[in-house]
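Colleague: I have some questions about the terms you use for this model. Please set each value against its definition.

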Amino acid sequence: MTLEPGPLIDGDVEVGPDTLVLGIETSCDETAAALVMGGADVLSSVVSSQIELHATFGGVVPEIASRAHLELLNPVIARAIVEGGVDDRRIDAIACTIGPGLIGALLVGVSAAKALALAWDVPFVGVNHLEAHLYSALLDDPSIELPIVVLLVSGGHTMLVEMTAPGEYRVLGQTIDDAAGEAFDKVARFLGLGYPGGPAIERAAASGDPEAIAFPRAMRDDGLDFSFSGLKTAVLNHVRAHPDVETTDVAASFQAAVVDVLVHKARKAARSVGAKGLALGGGVAANSELRERMLDACTEEGLRGFLPSRAMCTDNAAMIAAAGWHRLRLDGPTSLEVGAFPNLRLTTE
Ligand code: KG4
Ligand code: ZN
């Protein structure tokens, strides 16, 4: 059976500063909804984390994530609308992550978003989760002058992206194996520091010596791509060879190696495209060491540094609503026949 989109859903839509978008995010282990006006003004942003549900398993369990999204999504959406202080009839469009992510988790959000779009007779907008992360810096500081280079560092992705205009971007480099967040999570698990690994490593590293162990900086002076799987193996080998090593020193030295490569490549990328600024996005961008080193690098390079608040770095629906507003303006509504795409990529223009 094919769905027949209603006239408003399919037709031309006026998109302006007053256009109010409800964003929905269920790609992984955060159930989130947000109301954003004009692609920039966040009226509400509600995030319900499933971390505790997955912690005992040391990582996200897809089936548990889907079931939790089903239970949490309606109350989370309701709360976003109440906190936004608007009548639901005021909502102009529904934007939802269609990928990348866990298929069962994505389908919960996509189904809910389509149902709401049909019930309220407003456009549905499918959003690429990675593109949405690029908007998080702009959300916190709309005065950003483009072009900028965004270092997008999350649990599943590590990439350097040049953004020349909203909706126009070019991938300059990306990881050829593990993502930075994945390396944090795997090393933390090996060190017995718990899940999620990033914050756990950061806490342990605070009382360790970042120069205690000289971990490798793979591909540091070799283009704009990254590689983190060798570093992860180096940590495992070092701890096995030195069982008495202080965990805090391992965490601090590991973090220093990751941050060093990320910052070095980000400033090289900004220089190579003549960017006016450098922005961070994705969960790893919540890391204090990365934030400090990135700002230092920006000062040295004469660049503006944009650090989204930690809440905007990790998964949230405000960035989905913002990206949805831009997509609606640029491309119009998404067909209700669209599905979910676990391996969706950021297309290079
Ligand atoms: O963007 P995100 O919330 O979800 C994905 O789209 O993947 O990123 C989650 C990742 C996890 O790997 C987590 O360990 C990492 O971000 N992370 C951190 C920190 N907070 C979260 N990594 C390093 N330091 C942190 N403070
Ligand atoms: Zn994410």
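Colleague: Which element gives the most to the lining of the second largest pocket?

Modeller: Strand 5 does, with four residues. This is a predicted model: local features need pLDDT of at least 70, side-chain atom pairs count only at pLDDT 80 or more, and totals for chains, interfaces and linings use all residues. Residues are numbered from 1 along each chain as its sequence is written, chains are lettered from A and ligands numbered from 1 in the order in which they are written, and side-chain values use heavy atoms, without hydrogens and water.

Colleague: What is the volume of the second largest pocket, and which residues are closest to its centre?

Modeller: About 260 Å³. The lining has 17 residues, and Gly126, Asn128, Glu131, Arg327 and Asp331 are the closest to the centre.

Colleague: Why is one space called a pocket and another a cavity?

Modeller: Both are sets of points on a 1 Å grid over the protein atoms alone. In a cavity, a 1.4 Å probe fits but cannot get out. A pocket is an open set with protein on both sides within 12 Å along at least five of seven lines. A residue counts as lining if it has an atom within 4 Å of a point. Rolling a probe the size of a water molecule over the atoms shows where empty space is left.

Colleague: How many cavities of 30 Å³ or more does the structure hold?

Modeller: One. The largest cavity has a volume of about 40 Å³, where a volume is the space filled by probe spheres set on the points, joined across faces, edges and corners. Pro216, Arg217, Ala218, Ser227, Phe228, Leu231, Ala257, Val258 and Val261 line it. Helix 9 (residues 247–273) gives the most, with three residues.

Colleague: How does the lining of the largest cavity divide by class?

Modeller: Into seven nonpolar, one polar and one charged. Ala, Val, Leu, Ile, Met, Phe, Trp, Tyr, Cys and Pro count as nonpolar, Asp, Glu, Lys and Arg as charged, and the others, Gly among them, as polar. Arg217 is in this lining, so the charged class applies to Arg217.

Colleague: Where is ligand 1?

Modeller: The space taken by ligand 1 is the largest pocket. A molecule sits in a pocket if more than half of its atoms lie within 2 Å of the grid points. This pocket has a volume of about 1,400 Å³ and is lined by 50 residues. Cys28, Ser154, Gly155, Gly156 and Asp185 lie nearest its centre. Helix 6 gives the most to the lining, with six residues. By class, the lining has 19 nonpolar, 22 polar and nine charged residues.

Colleague: How many residues are around ligand 1, and which come nearest?

Modeller: There are 19, each with a heavy atom within 4 Å. Gly155, Asp185, Gly198, Glu202 and Gly283 come nearest. Helix 7 gives the most to this shell, with four residues. The shell divides into four nonpolar, twelve polar and three charged residues.

Colleague: What makes a pair of atoms a polar contact?

Modeller: Two N or O atoms within 3.5 Å; within protein, one must be able to donate a hydrogen and the other to accept it, and residues adjacent in sequence count only if both atoms are side-chain atoms. An oxygen atom of ligand 1 is 2.7 Å from a side-chain N or O atom of Asp185. A backbone N or O atom of Gly283 is 2.9 Å from an oxygen atom of ligand 1. For a polar backbone atom of Gly181, the distance to a ligand 1 oxygen is 3.1 Å.

Colleague: How much of the accessible area of ligand 1 does the protein cover?

Modeller: It covers 87% of the 550 Å² that ligand 1 has on its own, by the Shrake-Rupley method with a 1.4 Å probe.

How values were computed
Helices (H or I, at least four residues) and strands (E, at least two) are DSSP runs, numbered from the N terminus.
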